[in-house]
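Take a look at the sequence and the fold below. Keep both in view as you read.

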Amino acid sequence: MRLVWADLPTGVRGLTNGTDTIWLARGMSQRERRVALTHELVHHYQRHTAHQPPAVERRVEIATARLLLPDLDAVAVALAACPSMDTAAEELWVTRRTLADRLGALTEAERAHIVAKLA
């Protein structure tokens, strides 16, 4: 796998050809790079070679969030200790959107676990 830093179009943080190369946009923060690389690796492992429809992108975003935030105890601690979602995301080394994706895709059991930890 080859990683290439590139000047990508505005709003595009990463791309993959699905075979051997991932391009990441220059100028991202470490958290943004971590999320973008994981997102593109999910595309790679699913063998996506072209732009994907919104439903597929959404599944990739959720898979990315699950990979980067597997520890629900850490998520609960960050949510309890931090004054905002932005701060909690920073504490967890992800973007706000990734944290929101993880929280939005919780199973009932995961949701109950977090609620119990926050109580």
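Predicted model: local features only at pLDDT ≥ 70, side-chain atom pairs only at ≥ 80, totals over all residues.

Residues are numbered from 1 along each chain as its sequence is written, and side-chain values use heavy atoms, with hydrogens and water left out.

Start with the whole chain. The protein chain has six helices and three strands. Both are DSSP runs, numbered from the N terminus: helices are H or I with at least four residues, strands are E with at least two. Along the sequence the pattern reads β-β-β-α-α-α-α-α-α. The C-alpha trace spans about 45 × 25 × 20 Å along its principal axes. Of the 119 residues, 39% are buried. Buried means under 20% relative accessible area, exposed means over 50%, and partly exposed lies in between (1.4 Å probe, protein chains only). Now consider contacts, meaning heavy atoms within 4.5 Å. Among those between residues at least 6 apart in sequence, 46% join residues at least 24 apart.

Next, find helix H3, residues 72–81. Its N-terminal end is capped by aspartate 71. A side-chain oxygen of aspartate 71 lies 3.0 Å from the backbone nitrogen of aspartate 73. This is a polar contact: a pair of N or O atoms within 3.5 Å, where within protein one must be able to donate a hydrogen and the other to accept it, and residues adjacent in sequence count only if both atoms are side-chain atoms.

Which residues of H3 are buried? They are Leu72, Val75, Ala76 and Ala78. Seen down the axis of H3, the buried residues fall within an arc of 165°, so they line one face of the helix. The arc is that of the directions from the helix axis to the C-beta atoms. An α-helix has 3.6 residues a turn, so residues three or four places apart point the same way. On the other side of H3, Val77, Ala80 and Ala81 are exposed. The cover over the buried residues of H3 includes helix H4 (85–91), H5 and helix H6 (108–118).

Look at one of these partners, H5, residues 96–104. H3 and H5 pack at an angle of about 115°, with their axes 12 Å apart. Axes are lines fitted to C-alpha atoms, for helices over the stretch in contact, and angles run from 0 to 180 degrees between N-to-C directions. H3 contributes Leu72, Val75 and Leu79 to the contact, while H5 contributes Leu99, Arg102 and Leu103.

Now turn to strand S2, residues 14–16, where threonine 16 is found. Is threonine 16 buried or exposed? Its relative accessibility is 14%, so threonine 16 counts as buried. A polar atom of its side chain lies 2.9 Å from the backbone oxygen of threonine 21. Leaving out residues up to four places away in sequence, threonine 16 touches Thr21, Ile22, Trp23, Glu40, His43, His44 and His48.

Finish with two loops. Arginine 47 is in the loop between helix H1 (30–45) and helix H2 (54–68). Its phi is near 60°, a positive value in a residue other than glycine. At 65% relative accessibility, arginine 47 counts as exposed. Tryptophan 93 is in the loop between H4 and H5. Tryptophan 93 is not a glycine, yet has a positive phi of about 65°. With a relative accessible area of 44%, tryptophan 93 is partly exposed.
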